[in-house]
Amino acid sequence: MEKIIDENKQGNTLVLDAKEDNSKKLYIESYGCAMNFSDSEIVASILADQGYNTTNLLEEADLVLVNTCSIRDKAEQTVRKRLEKYNAVKRINPKMKVGVLGCMAERLKEKFLEEEKIVDLVVGPDAYKEIPNLLKEVEEGRDAVNVILSKEETYGDISPVRLGGNGITAYVSITRGCDNMCTFCVVPFTRGRERSRDPQSILNEINDLAEKGYKEITLLGQNVDSYLWYGGGLKKDFKSASEMQQATATDFAQLLDMAATAHPKMRIRFSTSNPQDMHEEVLHIVAKHDNICNHIHLPVQSGSTRILKEMNRQHTREEYMKLIDRIWEIIPDCSISQDMIIGFPTETEEDHQETLSLMEYVKYGFGYMYKYSERPGTMAARKLEDDVSEETKSRRLTEIVDQQQKHSAIRTAEFLGKTVTVLIEKESKKNKDEWSGRTEHNNVAVFPKKNYNPGDFVKVKITNCTTATLIGEAVGHS
């Protein structure tokens, strides 16, 4: 499983339009990847029906929830500090209840509830529908916990509220859990085995978003390419499905094709892809539809086949490079981004150099790069010694980041003088007289506001750029 962690979003609070009849206040913070933020939307929707309006004022909350991530130690330490803050407020407002959701909830349930006694309820990723019942347990003076992982739950019957409230872009979750037992990753243990959501419920959600004026969706999953709906159940059980179920199953290429065909004016992205599961038909579907963005986030984690084997990645360096070549044959202008783990156990200088050379081969548009952080319970923590020194990890990470900066500059410079289509999302952070949006290649672009508005598709001629941002002038609506 690959997790894209946007540092700018960490700790965002979710605030929605208030329902007039609701009298209780919910404060919910989210940490981690896009899946966690999507889950917070589901939780807020469930609690809105239980009398809760959201607030961004911690002190006035009746219920405080933090949706957590276990992918890196830094994320866990951040959540720990936030729990200390919540409990300081709770001493002033003893009626306030505190709960932990998500991946840390599953992993540290006993520690939070029994040893440290710092929360009232602990709810795993598959138990959000049980929150109303768990709150009743808390009201009656009992700690409440449900971290049971489900073989069926996809939340396909819940219409999520939308984080951020820009009304332009939205996540649509299509799978839950993961079957890829990468040795560094906790997700199969915290989110369970992989299962896919009914395609009709996905299309219904997209239809609803289109009716509400949304202009872009991201089909979201731990591993979108392995999406497979055959009537429900775990993906690993597909081999035992009936002949009819197997014959009528829907895979990711078919789902992507259905979504793009149903809404030709809506932009479609997907994340995250896994090299071992990305099959060629998906690439042909991307090439076929103008409204599917020409950008693929394709984590590699390491450029060394030996390290990839230690990570239990089901691909080699050569297979990954071959896939990159095929992507560019079918989608010539496709941009590609990466995830990279630096300093994985036993990584040598030669392994590191192979990663740098792979980056030179691909020249990624951008990437997410982290030092290896041992996660308790993973196969790597049990079987491998974290034997690369912190000093070496830091030096190698700097070299990787510097290389990525150089390649990002090359990739953005390719757009100089060209006209690209930008979906306006918000005002530029650096200049209130400029709009900011993204191109289909996932580049951020800024340009003078003129008479354009958020949600507009605008043709922008690129006149300048930084390593991360395109700068230009609008030349008309797209």
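Asn443 is found in the loop that runs between β19 and β20 (444-448). The structure described here is a predicted model. With a relative accessible area of 12%, Asn443 is buried. Once neighbours within four places in sequence are set aside, the contacts of Asn443 are Thr412, Phe415, Gly437, Arg438 and Leu470.

One of these contacts, Arg438, also takes part in a salt bridge with Glu425, in which the closest N and O atoms are 3.0 Å apart. Glu425 belongs to strand β18 (residues 419-427) and Arg438 to strand β19 (residues 434-438), so the pair ties together parts that lie 13 residues apart in sequence. Both partners, Glu425 and Arg438, are buried.

## Confidence of the model

The mean pLDDT of the chain is 89, and 92% of its residues reach 70 or more. Over residues 1-5, pLDDT stays under 50. For that segment, residues 1-5, the model has 37 contacts beyond four places in sequence.

## Salt bridges around Arg326

The count of salt bridges comes to 31. Arg326 provides an example with two partners, Glu280 and Glu329.

In the pair of Arg326 and Glu280, the closest N and O atoms are 2.8 Å apart. This pair links distant parts of the chain, with Arg326 in helix α12 (residues 317-330) and Glu280 in helix α10 (residues 280-288), 46 residues apart. Arg326 is partly exposed at 28% relative accessibility, and Glu280 is partly exposed with a relative accessible area of 36%.

The salt bridge between Arg326 and Glu329 has an N to O distance of 2.5 Å. Here both residues lie in helix α12, three residues apart, which is about one turn of the helix. Glu329 counts as exposed, at 53% relative accessibility.

Arg197 is placed in the loop between β10 (195-196) and α7 (199-211). Its relative accessibility of 4% puts Arg197 in the buried class, because that class covers values under 20%. The side chain of Arg197 makes a polar contact of 2.9 Å with the side chain of Ser201.

Not counting residues up to four places away in sequence, Arg197 touches Thr154, Gly156, Val172, Ser173 and Ile174, as well as Ile202, Glu205, Tyr227 and Trp229. The C-alpha atom of Arg197 is separated by 9.1 Å from that of Glu152, a residue 45 places away along the chain.

How many disulfides does the structure hold? The number is zero. A disulfide is a covalent bond between the sulfur atoms of two cysteines.

Cys334 is buried, with a relative accessible area of 5%. Cys465 also counts as buried, at 19% relative accessibility.

## Cysteines annotated as a binding site

According to an unreviewed UniProt entry, the annotation "binding site" covers Cys178, Cys182 and Cys185. In the model, Cys178 lies in the loop between β9 (175-176) and α6 (187-190). Cys182 is also placed in the loop between β9 and α6.

Are Cys178 and Cys182 buried or exposed? Cys178 is buried, with a relative accessible area of 0%. Cys182 is buried as well, with a relative accessible area of 5%.

Terms used. Residues are numbered from 1 along each chain as its sequence is written. This is a predicted model: local features need pLDDT of at least 70, side-chain atom pairs count only at pLDDT 80 or more; totals for chains, interfaces and linings use all residues. Side-chain values use heavy atoms; hydrogens and water are left out. A disulfide is a pair of cysteine sulfur atoms within 2.5 Å. Buried means under 20% relative accessible area, exposed over 50%, partly exposed in between (1.4 Å probe, protein chains only). Helices (H or I, at least four residues) and strands (E, at least two) are DSSP runs, numbered from the N terminus. Contact means heavy atoms within 4.5 Å. A polar contact is a pair of N or O atoms within 3.5 Å; within protein, one must be able to donate a hydrogen and the other to accept it, and residues adjacent in sequence count only if both atoms are side-chain atoms. A salt bridge is a side-chain nitrogen of Lys or Arg within 4 Å of a carboxyl oxygen of Asp or Glu. UniProt positions are given in the numbering used here, feature names are shortened, and annotations may be inferred rather than shown by experiment. pLDDT is the predictor's confidence in each residue, from 0 to 100.
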